[in-house]
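Please go through the points below with the model open beside you.

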Amino acid sequence: MGGFRFATDHRGIATITWDVPGRAMNVMDFEQLEELEGLVDRVLADETISGAIVTSAKSGFSGGMNLEILAGWRSGLSSNAGDGKSPAAQAFDRTMSLHRLLRKIECGRPGWGDPGGPAKPFAAALTGTALGIGYEIALACHRIFVADRPDARIGLPEIRVGLFPGGGGTTRLTRRLGLMEASRFLFEGRLLAPAPAVEAGLADTLVPPDELDEAARDWVAGTNADTIVKPWDAPGGGRVPGGTPYHPKGFMTFVGASAQVHGRTRGVFPAAKAMLSAIYEGALVPFDTALRIEARWFVSALLHPSSTAMINTLFLSKRALEKGVARPAGVESREVNRLAVLGAGVMGAGIGYVAAAAGIRVVLLDRDMGTAKQGRQTIATLFEGQVKRGRITPEERDRSLENVVFTDRYEDLAESELVIEAVFEDPAVKSRVIADAAAELNPETVIATNTSTLPIASLASAAGDERRFLGMHFFSPVHKMKLLEIIRGPKTGPKAIGRALDLARQIGKTPIVVNDARFFYANRCIIPYINEGVRMVAEGVSPALIENAAKRSGMPLGPLQLVDETSIDLGVSIARVSRAAMGENYPPDAAIADDVLEKLASLGRLGRKSRGGFYAYDSRGRRKGLWAGLGEQWPLASVQPDVLTVQHRLMLIQALEAVKALEDGVLTDVREGDVGAVLGWGFAPSSGGPFSWLDRIGPAEIVSRCDRLRELAGARFDAPESLRKMARSGNSFYGHLLDSSPVTA
């Protein structure tokens with residue numbers, strides 16, 4: 001069944017309507033591209049047709065390319081193709097066929113660059129969101145109309161999954177806006193609502209949704225061939241806004257852009273480097289040659305292992321988790337209509353905000369009305385920020401705020417369908433609050449704790465029936481962090497897990513379901529990363545070397561900056577509670593890092609919030625660089641390790657802990673391990689997560705690195721037995737789990 005419909009009106013204007021059956025949003029595949037090309041050819045060949053509009057039957061225009069199809073196509077490329085072409089050549093040919101289609105639209109003639117006959121205008125009528133290839137189709141049209149829907153988004157997000165726009169989007173947007181203006185959309189994948197998109201030059205005309213079709217149709221009827229020639233197709237059309245690389249003005253632009261891109265990516269995102277190369281080289285040649293250059297660099301990025309890992313983790317696995325792959329069998333999905341949050345602090349207010357934004361009725365409870373009211377004010381401030389950014393209207397803000405009520409009475413929780421405790425990380429306080437709430441609730445109401453470190457089993461009895469109790473670990477700031485770690489306690493029932501997954505879906509979070517243990521999964525892995533960095537400070541390793549080695553490995557934050565951001569006194573508190581609870585089982589290696597944090601805390605350096613930690617800060621809390629006093633407290637060693645050794649220590653300490661979590665049964669699916677790592681604490685996104693990283697390097701090489709680091713740094717780098725077994729057998733995490741059962745990604 002086709003993805004497009006075709007019709008013509010009395011004025012000879014054709015309408016190509018995108019409407020993929022069975023999908024809420026149009027996504028493109030190769031068969032649809034062939035179908036679209038056939039319809040474009042029909043417009044160009046029929047003398048009774050004067051032009052066309054390309055639109056959608058859905059409230060959004062397109063979500064982009066179907067990455068499942070793209071991933072399958074990529075893995076199916078064969079060096080033994082019947083025509084003798086290499087995988088790269090096959091990919092290049094496929095990409096160039098897309099360019100051929102879009103150039104037909106852009107030139108308005110049957111042949112790519114065919115000078116014969118009058119050109120026919122094409123208008124893109126974007127009904128809403130237009131991403132990736134959907135927006136690239138619009139860029140090839142001669143006019144882009146977009147419906148004024150504040151919730152819609154326009155742009156090219158490919159860089160987020162290890163690719164870049166390869167359907168002409170890179171070349172067209174750069175020549176439309178200039179490199180500096182285009183860079184935020186190409187290199188950051190930034191998306192804009194329709195009104196800001198028109199203001200930024202991503203689209204041409206903003207119209208009310210009910211006037212979209214008529215506006216586009218009138219434009220096609222009133223235009224002619226002389227007015228639709230793109231600047232790059234006009235005589236002498238090699239000009240790039242802001243200048244080409246060897247133009248005096250353009251030289252500075254390209255030098256600055258190169259420094260900016262490399263500064264942000266540190267060379268660990270191959271797609272960013274490939275895209276910059278495509279832009280630079282393409283700006284030196286005519287437009288059609290630039291498209292060939294873009295296609296070659298796109299293929300380079302597509303075939304890079306990093307793109308495979310990022311597509312698998314950040315699209316395929318992430319989507320599988322969001323669709324409920326971890327949902328217990330037999331538990332039907334249903335919406336949460338009434339949510340209660342115990343604690344109106346930063347975390348509680350954050351949870352209340354995302355729930356209210358999703359249309360859920362929220363009861364925000366704290367110890368007194370004043371504190372609860374402050375939590376509601378925090379929520380109101382977050383909504384106001386959305387209004388200022390143009391993401392919601394004032395009316396939508398007011399409707400959402402009406403969903404939030406605050407109280408200091410537990411009796412007001414009685415009708416809640418799910419209750420989330422989000423008070424101070426103290427077992428006694430949490431248990432008391434949970435027990436007080438449980439006394440007022442229906443016996444079927446699910447109760448969750450937002451603890452980030454405490455075992456669920458230690459709090460479950462306060463809920464009465466432990467089958468209805470579980471952990472829901474939100475990450476801060478709640479309104480920005482996508483991950484939700486759902487923790488199954490020893491007696492947690494399937495209905496409680498299902499309820500938590502229902503809420504995750506409603507508030508737009510990506511859930512992973514893990515089993516109970518101290519620190520669960522995410523914190524279990526991030527704490528060793530922080531400790532390893534802090535421990536190296538105590539060893540005399542240069543703090544700058546530690547931080548830069550982490551970032552060159554793909555970590556968004558070095559361990560010292562990360563502990564400053566989360567607060568040093570929190571690290572001290574967690575260490576003290578953990579030592580008291582674990583006794584002789586507390587890792588002796590961790591004590592070295594604990595001493596460093598204790599020392600900084602005693603100096604009043606509690607991190608960014610106190611304007612002093614491992615870093616120095618100005619009065620507004622902006623980092624000024626590493627604190628000069630670190631060298632006085634922990635003098636630098638006369639011989640510094642090489643950067644690879646530091647990188648291996650920081651990356652392996654996280655990955656080995658992830659493997660141990662899998663061995664211990666805390667994790668049950670490597671997909672959850674990778675998605676949780678990338679979304680939860682930013683484990684080198686370009687790697688696809690710790691298990692993808694381990695598979696890419698190979699178990700044998702990992703074991704070799706572990707053995708070397710064990711001799712150098714200690715027994716914490718012992719390779720788990722599962723890794724040694726994989727090294728001997730040649731298996732991998734995505735080929736087999738520990739029991740050799742297959743895992744699909």
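1. Start at strand 16. Phe469, Gly471 and His473 point one way from this strand, Leu470, Met472 and Phe474 point the other way, and all are buried. Buried here means under 20% relative accessible area, with exposed over 50% and partly exposed in between (1.4 Å probe, protein chains only). Strand 16 is thus mostly covered, with 6 of its 6 residues buried. In a regular strand the side chains alternate between the two faces of the sheet.

2. A word on the basis. This is a predicted model, in which local features need pLDDT of at least 70 and side-chain atom pairs count only at pLDDT 80 or more, while totals for chains, interfaces and linings use all residues. Residues are numbered from 1 along each chain as its sequence is written, and side-chain values use heavy atoms, with hydrogens and water left out. Helices (H or I, at least four residues) and strands (E, at least two) are DSSP runs, numbered from the N terminus.

3. Which strands pair with strand 16, and in what sense? Strand 15 pairs with strand 16 in the parallel sense over 3 bridges. Strand 17 pairs with strand 16 in the antiparallel sense over 4 bridges. Two strands pair if DSSP finds at least two bridges between them. Thr449 stands opposite Gly471 in strand 16. Met472 stands opposite Ile486 in strand 17.

4. Look next at the loop between strand 16 (469-474) and strand 17 (483-488), where Pro477 lies. The peptide bond from Ser476 to Pro477 is cis, and its omega is near -5°.

5. Strand 14 (residues 418-421) is covered on both faces. Leu418 and Ile420 lie on one side, Val419 and Glu421 on the other, and all are buried. Strand 11 (residues 338-342) runs parallel to strand 14, joined by 4 bridges. Val341 stands opposite Ile420. Strand 15 (residues 446-449) also runs parallel to strand 14, with 4 bridges. Val446 in strand 15 is the bridge partner of Leu418. From strand 14 the chain crosses through helix 16 (residues 427-438) to strand 15, and this β-α-β crossover is right-handed. Right-handed means that, with the strands pointing away from the viewer, the path from the first strand over the helix to the second runs clockwise.

6. Strand 6 (residues 122-126) and strand 8 (residues 143-147) run parallel, joined by 4 bridges. Phe145 in strand 8 is the bridge partner of Ala125. Contact means heavy atoms within 4.5 Å.

7. Check how helix 18 (residues 522-539) meets helix 22 (residues 590-602). Their axes are 8 Å apart, at an angle of about 75°. Axes are lines fitted to C-alpha atoms, for helices over the stretch in contact, and angles run from 0 to 180 degrees between N-to-C directions. The two helices are therefore roughly perpendicular; that term covers 65 to 115 degrees, with under 35 roughly parallel, over 145 roughly antiparallel and the rest oblique. Asn531, Val534, Arg535 and Ala538 in helix 18 meet Ala590, Ile592, Ala593, Val596 and Leu597 in helix 22.

8. Helix 19 (residues 543-552) is largely enclosed by the rest of the structure, because 7 of its 10 residues are buried. Among them are Leu545, Glu547 and Lys551. The cover includes helix 18, helix 20 and helix 24 (643-663). Gly554 follows helix 19 and has a positive phi, near 105°.

9. Two residues other than glycine also need a check. Phe519 has a positive phi of about 75°. Phe519 lies in the loop between strand 18 (510-515) and helix 18, and is buried at 13% relative accessible area. Ser567 has a positive phi of about 95°. Ser567 lies in the loop between helix 20 (559-566) and helix 21 (568-582), and is buried at 9% relative accessibility.
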